[in-house]
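Q: I am new to this structure and would like a close look at a single part of it. Please set that part in its surroundings as well.

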Amino acid sequence: MRLSRRVQASVFDRWMEHTKESAAANLELAEWERKVRKAEKFVASFGRKILRASFSRWEAMARERSAMRRKALNAIARFGK
């Protein structure tokens, strides 16, 4: 009977070590997932920033083109008189 208790204690100790390791691994995994979410959020934000800058540049060029077209049409109208 005494040997059996030693074996049980040994098995219980190994089980406790395993649960502690599992808990530590779960914490590491949760930390890793948190960091990945943060990185994904940063990349998405950066993408939106680039998209916004591109659109702003496109809008400025469209306004400039429209102004140039008006000037050219006015000049052509003056020459036509």
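Which side chains meet in a salt bridge with an N to O distance of 3.8 Å?

A: The side chains are those of Glu59 and Arg63. A salt bridge here is a side-chain nitrogen of Lys or Arg within 4 Å of a carboxyl oxygen of Asp or Glu. Side chains of opposite charge can pair when their charged atoms come close.

Some ground rules come before the details. The model is predicted, so local features need pLDDT of at least 70 and side-chain atom pairs count only at pLDDT 80 or more, while totals for chains, interfaces and linings use all residues. Residues are numbered from 1 along each chain as its sequence is written, and side-chain values use heavy atoms, with hydrogens and water left out.

Glu59 and Arg63 are 4 residues apart in helix α1, and therefore separated by about one helical turn. Helices are DSSP runs (H or I, at least four residues), as are strands (E, at least two), numbered from the N terminus. Glu59 counts as partly exposed because its relative accessibility is 34%. Arg63 has a relative accessible area of 53%, so Arg63 is exposed. The cut-offs are under 20% relative accessible area for buried, over 50% for exposed, and partly exposed in between (1.4 Å probe, protein chains only).

A search of the whole structure finds 2 salt bridges. Besides the pair above, Glu31 forms one with Arg34, where the closest N and O atoms are 2.7 Å apart. Glu31 and Arg34 also lie in helix α1, 3 residues apart, about one turn of the helix. Both are partly exposed: Glu31 has 33% relative accessibility, and Arg34 has a relative accessible area of 41%.

The helix that holds these pairs, α1, covers residues 2-80. The chain has 1 helix and 0 strands. Its C-alpha trace spans about 120 × 10 × 5 Å along the principal axes. The radius of gyration, taken over C-alpha atoms, is 35 Å, whereas a compact globule of 81 residues would have one near 12 Å (the globule rule is 2.2 Å times the number of residues to the power 0.38). Buried residues make up 0% of the 81 residues. The chain exposes about 8200 Å², of which carbon and sulfur atoms supply 62%; accessible areas come from the Shrake-Rupley method with a 1.4 Å probe, and for residues only the protein chains shown count as cover.

Two surface patches complete the picture. Patches are made of residues with over 30% relative accessible area and no salt bridge, with like charges joined within 9 Å and nonpolar side chains (Val, Leu, Ile, Met, Phe, Trp, Tyr) within 5 Å. Phe42, Val43, Phe46 and Ile50 make a nonpolar patch of about 430 Å². Phe42 is in helix α1 and is exposed, with a relative accessible area of 57%; Val43 is also exposed, at 57%. From Phe42 to Glu31 is 11 residues in sequence and 17 Å in space, C-alpha to C-alpha.

The other patch is one of positive charge, where Lys41, Arg48, Lys49 and Arg52 gather. Lys41 lies in helix α1 and counts as exposed at 64% relative accessibility. Over the chain, the mean positions of the 21 positive and 9 negative charges are 15 Å apart. Lys and Arg count as positive and Asp and Glu as negative, while His and the chain ends are not counted; the place of a charge is NZ of Lys, CZ of Arg, CG of Asp or CD of Glu.
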